Amino acid sequence: MIAGIKKCLDAGDITGLRYIFIDSLDVDPTFEKYKEDYAVCRTVDGMFEPYKELTPLAMSHSEWSMDYWGKIKFDQKKNFSEKRFEHMIEVAKIVHSEKIERLLAERAAKQTKLEEQIEQVIPKDSVLTIQKTEIVQPIKDTINNAASTPRTVLISESGISKSDEEKLDAEKRKLDLHNKSVEMEELEKKRQREERAKAIDKENALVGSQEQPKKVPGIVAVIAVIIVVVVLLLKVL
């Protein structure tokens, strides 16, 4: 069973199941990955609502366009009915035909690659060949379940996929280290500026103390000259 569907079933989350199946036909329009789980879920009480006519269901394939698909998908969200969903399964095969071809080709390629890998371990002529299907099927089931898990299953409570969440955590740690490094660098620059300022203040103080003795004799000399001039003037008078 697909992990997301099992989680909703265990929690009795009918709304979650409905969203998974509404998106399932866009994820896998072949519906192969969901058939078994759908058979279980359709028996759950409250899974389906009585059908209400919203957009009339078109029976002609010529009317099955992406525009029509969008309308009935929107209607299904408002009224999750078994009748409309069964109709959507058939419509998806037409509107998503190109995607179906691509998916089938990809699955065939994966199947071929898987068989080649197993062939390397269990040659055709090996006595274990008869048990090959018993080995292949569990591996195929694991791959198929992983490939068909809806994106919502891979989303954490924060709304971010777990792989992206791990990347964000790593980036956050990296950013924190960078910020701490910048902070330490700024503190070191501040300390150096303060030390330079103290050194300049000390140097200015030292220069001032050296110049002060030079200024005092100069002032005394000026005063002495003034006194001599005054005395000479007094004599002349």
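This is a predicted model: local features need pLDDT of at least 70, side-chain atom pairs count only at pLDDT 80 or more; totals for chains, interfaces and linings use all residues.
The side chain of Ser24 reaches the backbone oxygen of Phe21 at a distance of 2.6 Å. When residues up to four places away in sequence are set aside, Ser24 touches Pro29, Phe31, Tyr34 and Phe85.

One of these partners, Phe31, is placed in the loop between α2 and α3, the latter covering residues 35–41. Phe31 also counts as buried, at 3% relative accessibility. Its backbone carries a phi near 65°, a positive value in a residue other than glycine, whereas most residues other than glycine have a negative phi.

Phe85, another partner of Ser24, belongs to the contact between helices α4 and α5. Helix α4 (residues 66–78) and helix α5 (residues 82–95) pack at an angle of about 155°, with their axes 11 Å apart; because angles over 145 degrees are classed in this way, α4 is roughly antiparallel to α5. The crossing of the two helices is left-handed. On the side of α4 the contact is made by Met66, Tyr68, Trp69, Ile72, Lys73, Asp75 and Gln76, and on the side of α5 by Arg84, Phe85, His87, Met88, Val91, Ala92 and Val95. Sorted by class, the contact of α4 with α5 comprises 9 nonpolar, 2 polar and 3 charged residues.

How values were computed: Residues are numbered from 1 along each chain as its sequence is written. Side-chain values use heavy atoms; hydrogens and water are left out. A polar contact is a pair of N or O atoms within 3.5 Å; within protein, one must be able to donate a hydrogen and the other to accept it, and residues adjacent in sequence count only if both atoms are side-chain atoms. Contact means heavy atoms within 4.5 Å. Axes are lines fitted to C-alpha atoms, for helices over the stretch in contact, and angles run from 0 to 180 degrees between N-to-C directions. Helices (H or I, at least four residues) and strands (E, at least two) are DSSP runs, numbered from the N terminus. Angles under 35 degrees count as roughly parallel, over 145 as roughly antiparallel, 65 to 115 as roughly perpendicular and the rest as oblique. A crossing is left-handed if the near helix is turned anticlockwise from the far one by less than a right angle, and right-handed if clockwise. Ala, Val, Leu, Ile, Met, Phe, Trp, Tyr, Cys and Pro count as nonpolar, Asp, Glu, Lys and Arg as charged, and the others, Gly among them, as polar. Buried means under 20% relative accessible area, exposed over 50%, partly exposed in between (1.4 Å probe, protein chains only).
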